[in-house]
Structure formats: structure tokens, C-alpha cells
Amino acid sequence: MKPRLLNPVASQKGAGPSVLGRLETLVMECLWKSEGGMSVRDVTRHLNGPWAYTTIMTTLDRLFKKGLTGREQQGRAFIYRVRLSRSDLGVRALKNAISAIDSGTDTQELAVAALVNAIESHDPAWLDSLDRLVREKKRALAHAKPREDR
């Protein structure tokens with residue numbers, strides 16, 4: 001089973017981060033694999049699932065309204081293209097999830113601990129990269145601070 005993608009737009013509307021539905025995720029995967037854009041009919045054919053044409057059409061329209069796809073009219077059909085790469089969508093979702101964290105100290109500690117645990121369970125070598133990036137960011141912030149005080 002493919003992982004569900006966070007919806008980077010939902011928290012911007014005040015709803016808090018949510019995940020894309022199963023069909024939304026499948027449609028995004030389909031669009032990411034396509035060389036160019038795809039029509040509703042193209043997506044329906046490619047997915048070859050139990051979904052009606054109108055279900056795929058509604059899903060693509062929702063993805064468009066969420067800002068995840070763009071579309072242009074070609075004849076009587078719309079051609080849909082993704083507006084974000086997988087990694088851009090992941091970064092946006094992560095930023096929204098972090099900004100949605102309560103400002104309480106306990107919550108922040110739990111969030112950082114959860115991130116570190118997730119990184120470690122995915123690939124422990126990433127912890128070294130995280131450590132290096134944190135040190136670099138602290139140095140950059142320390143150098144920038146005196147300039148701001150002037």
C-alpha cells in the first residue's frame with residue numbers, strides 16, 4: 001500500500017493538516033508519472049480501476065481547487081498537470097504540520113522527538129545529516145544576529 005500524502009493546502013484554510021484520500025493519491029501518482037498532462041479519460045484509463053469517469057473528474061477538480069494541479073482546456077476536455085513535485089508536496093506538508101504545532105514547550109519537544117524518531121526509523125544515517133544541518137543553521141543564525149542589531 002502506498003503512503004498517503006499530506007494535504008499541504010488544508011492547513012492554509014484553517015482545517016489543519018490532513019491526508020489526501022486514497023483516490024487523490026492514486027491520481028497524483030498517475031499525473032507524476034505522465035510525461036505531459038492527462039485528461040480525465042487518460043487518468044481513468046491509466047488507473048483501470050472500479051472508478052467511474054465522473055468520480056475521476058470530481059477528484060481532478062478537487063485537486064485543482066486545492067492548488068495541487070493546473071489545468072488547461074483542450075477542445076472540450078481539460079488537461080491536468082501537477083503543480084508540485086512529490087518532494088515539494090512533502091516539504092510543504094511538513095512545513096504546514098510544523099506550523100500547526102501548538103507553541104507549548106511540551107508539544108514542541110514531542111514534535112521534535114517524533115521527527116527524530118521518524119528519521120531514525122527510516123534511515124539512521126540521516127541523523128548525521130540532520131545534526132550537520134542544525135549546526136550549520138545555528139552558525140548562520142549566530143553570524144546574522146550581530147548584523148541585525150546594528
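1. Basis. This is a predicted model; local features need pLDDT of at least 70, side-chain atom pairs count only at pLDDT 80 or more, and totals for chains, interfaces and linings use all residues. Residues are numbered from 1 along each chain as its sequence is written, and side-chain values use heavy atoms, with hydrogens and water left out.

2. Crossing of H2 and H3. Helices are DSSP runs of H or I, at least four residues, and strands are E runs of at least two, numbered from the N terminus.

3. Residues at that contact. H2 brings Val40, Arg41, Val43, Thr44 and Leu47. H3 meets them with Tyr53, Ile56, Met57 and Leu60. Contact means heavy atoms within 4.5 Å. By class, seven of these residues are nonpolar, one is polar and one is charged. Ile56 also touches Leu23 and Trp51, besides Val40, Val43, Thr44 and Leu47, with neighbours within four places in sequence left aside.

4. Core. The largest nonpolar core has 18 residues. It is a set of buried Ala, Val, Leu, Ile, Met, Phe, Trp, Tyr and Cys residues joined through side-chain atoms within 4.5 Å. Val27, Leu31, Val43, Leu47, Ile56, Leu60 and Leu68 touch the most other members. H1, H2 (40–47) and H3 (53–65) each supply at least two residues. H1 gives the largest share, six residues.

5. Glu24. This residue lies in H1 (residues 22–33). Is Glu24 buried or exposed? Glu24 is buried, because its relative accessible area is 12% (buried is under 20%, exposed over 50%, partly exposed in between, with a 1.4 Å probe and protein chains only). Leaving out residues up to four places away in sequence, Glu24 touches Thr59, Arg62, Leu63 and Lys66.

6. S3 (residues 69–74) and S4 (residues 77–82) run antiparallel, joined by six bridges. Strands pair if DSSP finds at least two bridges between them. Gly70 has Arg81 as its bridge partner, and Arg71 stands opposite Tyr80. Two residues separate the strands; Gly75 in the turn has a positive phi of about 70°.

Conventions
Nonpolar A, V, L, I, M, F, W, Y, C, P; charged D, E, K, R; others polar.
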